[in-house]
Every structure is written in structure tokens, then in C-alpha cells.
Amino acid sequence: MVGRINRPGPIIGLGLIVLATVIGCTGSTRFGRHAVQGERSLEDLRASAGWYDLDAQNAYRETIRTEDLATFAAQSRAARKPAQPVPQKNILILTGGGSYGAYPAGVLVGWSETGTRPVFDVVTGTSTGALIGSFAFLGQAYDAELRRAYTCMTNDDLYRKRRFPFNILSNSLSDSALLAKVIANAITDERVKLMGEEYRKGRRFYVGTSDLDTRRSVIWDVSAMAARDNPGDRELIRNILLASASVPGFFPPVEIPITVDGVRHVERHIDGVTSSSMFFAPPWVPPEKRDSLPAGWLYGSDLYILVAGKLYADPSPVKARTVAIASQAVSTILYDQTRGDLQRMFLLSILTGMNYNVSSIPQDMTVPESSTDFKPEEMGPLFEAGVAWAKSNRKWRDTPPGYEKGEAAKYRSGTFLTDTGRRGTAGPSGIEGAPVPVIPERK
């Protein structure tokens, strides 16, 4: 039995508020040019990518090899093929990631320019992914606005930080009124009406938030609200999008009134990434056809996942300070949560027969130092990288995290290591899945 956990005192609470600014965004911390006490230099971190205990690493053997996993996935998907052909669907999943959302936004725009971007039957999104999802659901006609939002927006367009001591005494470090205004200008009454029309065609748009008090994720059918097209639902849609992007501690929770058996309650909702970095929702099926669906009714459908960030965070020196250490730890957890959710989506794909397609920011690309900073000069290259990827080879990743070279854990039996990086970028001889990764230069 777990004992009662006391609430943190004022000093700890202050630290948690500052720490909370990283939740909801797979951001990276700032690189320092010189090491300080307790901090490793950037040069050491770059070199350490190739530091291995060769004996321990070579003694390690994968439980499931990548090629065996690919074979199993192909066999499992084939086993889900129904006797009669079924309509193939397109499902788009968008993750959170703040300003890193410029990359998936660019992918969508570049995809449109190739003339091969499908109409998505389902779009799901959390945080910045929910905002991108609004445009993705409305269609390619809104690509120009998607480009503007993720290449021109600045911090001054999105939030205003509170002054000390009000930022400590209030429920957030920043005011979200500007972000609410941006959402209201993007999700106009006319666009809500268009969402409703797509709902009646059978398409669906879902947004994820987190209930602050119950600590559970909530998935909202925004397209169903749009189909009702009344003032209350239009305002609810905008509040849900605001809540999904409200980084806890950085932005205040969004209050959403609900009615349960005639009794009114008020929930407080925050960034959807707090509880889940991504989520799947199945395509809509008419009620009269649900009982007759074959077991493999999603066979051959395409599951597209656009990650607003890298799969593995760039290493960064951490100052020997409580908040810096805690912030780095939370950021590490969020990256791991994203990888875990991607593995869950992979399992779902092979159990249903869907095709698994993932795109994320390339590991060797330089990214902005913080995903809560919206700087056009940093977001522009991210956006164009997404466009270029979509217009070039557009080779989707079809394996879950942990199964490509360079993603294996480091095994050690002691502290005497070999610098394999000096043996070339192909990686240490005899070690599978462990080439030296590229760590980009900071500009």
C-alpha cells in the first residue's frame, strides 16, 4: 500500500513550476560553450557517442533482430488480410513539439506539392500537432496559412510572460490570451462550418488534452462539435485547441464546463502531451455496418505519424543546478514517452494489418535550442527540411524506435572504454546497431 504523498512546499513548488515549462514539448536545453562545475563539455559529449565497452557490447545479443521483426510484421499483416477487399483508409497522427512543429508542417506542404498527399479519413493531434491537424483536416487549400504559421510566428505573437512576482503567484509563467487570439483567427466560424461538412462525409478530427485534476487524457471529437455549428460548440473547439497547446506551468489551464446528469462541473485541461504524445482513432463506420466488419477491416490502410521533433534528443551539457538537472530529466522522459508511443503504434499496425509510416526531424539536423521559442530564422529551415523530405525520396520509416543502427543501448561491464569513433563513422567492428551518430554543430 502506498502511503500518502504530501504536497510540495513553496520552494519545491517554485522549482516544479519552472520545471513544468518543458512539459508538452520535446525541446532541448541550451548548449554551453564552456564546461562549468559538474558539466561535461560539448566536445566530450560529441566524442562519447563512440565510447564503448567492446567486450560487453559484443557479448550482448539482440532478443529480436531488426530483420526478424520486419519478417514477423509482414507475416502478421498478411494474416489480417480479409477474404474480400476492403476500402483502404488514411490516418494521420501529429505529435506535440512546440516550434518543432515546423517540420511536420513542412512535410504536409511538400507532400501537397508532389500531388500525392491523400485526403485523410482521420486526423489526430496533440499540442502543436492539434493546431497543425486543424489545417491538415481542412485540406491542401490551407497550406499557405500553415506555412505562414510555422515560418512567420514569433514569441510576441503567441504569449506574454508575466512579471515577477506575478509569474510565481499566478497559475502560469505566461498569459495565453495572445495564443487564444491566434487560434480564434485561424479557426473562424466559416472554417468550423467546413469541418462540419467533412464530418458529414465520414471524416473525423480528434484533439487530445489532459485533465489536470484526474491526470487522464481526454480525446475530443472536434469534427462532431463542428457539425453542430452553434456558438457554444465553436467556442468549445477553440478552447480545446488552446488547452491542448497549454504547456503546464507556462500557460494557465483552460477551464471547460461540463454537465453530468444535469449537474454542472468545471474541468481544467492542459497540454495533451502531458498524458500522451500521440493517439490513434479508427476511421468512422456507419452503425449498421459495424457488426459485419471483417476482422481485418483496416488491412492495407496507411497510418502516417509525423513527429514534431527528433526520436533521440541531442546531448547537451547540464549545469549543476537543481532546476537544470530536473528539466533535463523531464525532457529525457518525454523523448522516451514518444518512442514508447511509437512502439505502441507499430504493434497496433501489425495487429490490424495497417502500414506503419513515420517521419521525424533527421538526427543530423541542427534544431532550435528550445521548442518554446518561436523564431522564424530557426523555424524556417525546419519547415523547408520537411518540404524537401516530402518532395525528394519521402522514404518513411517502417520500424519502431530502437531497431535501426545507432539506437541500441550501451552495455558495460566496467569503466574502461574504447573510443571507437577513431575507427571511422561506420562504427566499431563487430558491434551491431552501434555506428557513431552525427551530432550537429550549433550555430
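A: At 6% relative accessibility, Phe251 counts as buried in this predicted model. Phe250 is buried too, with a relative accessible area of 7%; the cut-off for buried is under 20%.

For rings in general, a pair is described by the distance of the centres and the angle of the planes. Searching the whole structure gives 12 aromatic pairs. One of them is formed by Tyr60 and Tyr411: the ring centres are 4.2 Å apart and the planes meet at 20°, so this pair is stacked, since planes under 30 degrees apart count as such. Tyr60 belongs to the loop between helix H3 (54-59) and helix H4 (66-79), while Tyr411 belongs to the loop between helix H16 (376-391) and strand E12 (418-419), so the pair ties together parts that are 351 residues apart in sequence. Tyr60 is partly exposed, with a relative accessible area of 25%, and Tyr411 is partly exposed at 35%.

Phe250 and Phe251 also form a pair: their ring centres lie 5.1 Å apart and their planes are at 80°, so the arrangement is edge-to-face, the term for planes over 60 degrees apart. Elsewhere, ring pairs join Trp111, Phe120, Tyr304, Trp389 and Trp396 into a cluster.

Charged side chains also sit over rings. The charged end of Lys410 is over the ring of Tyr52, 5.2 Å from its centre. Arg203 lies over the face of Phe137, and its distance from the ring centre is 4.3 Å.

The helix to look at is H11, which covers residues 189-200. Its 12 residues should span 16 Å at 1.5 Å a residue, and the end C-alpha atoms are 17 Å apart, which agrees. Buried residues of H11 are Arg191, Val192, Met195, Gly196 and Glu198. Viewed down the axis of H11, these buried residues fall within an arc of 160°, so they line one face of the helix. An α-helix has 3.6 residues a turn, so residues three or four places apart point the same way.

What do the buried residues of H11 pack against? Their partners are helix H6 (128-138), helix H7 (143-151), helix H10 (177-186), strand E6 (204-211), helix H12 (222-228) and helix H13 (231-244). Just after H11, Gly202 has a positive phi of about 105°.

Definitions and conventions:
Residues are numbered from 1 along each chain as its sequence is written. This is a predicted model: local features need pLDDT of at least 70, side-chain atom pairs count only at pLDDT 80 or more; totals for chains, interfaces and linings use all residues. Side-chain values use heavy atoms; hydrogens and water are left out. Rings of Phe, Tyr and Trp (its six-membered ring) pair if their centres lie within 6.5 Å; planes under 30 degrees apart count as stacked, over 60 as edge-to-face and the rest as tilted. Helices (H or I, at least four residues) and strands (E, at least two) are DSSP runs, numbered from the N terminus. Buried means under 20% relative accessible area, exposed over 50%, partly exposed in between (1.4 Å probe, protein chains only). A charge sits over a ring if NZ of Lys or CZ of Arg is within 6 Å of the ring centre and within 35 degrees of the ring normal. The expected span of a helix is 1.5 Å times one less than its number of residues. The arc is that of the directions from the helix axis to the C-beta atoms. Contact means heavy atoms within 4.5 Å.
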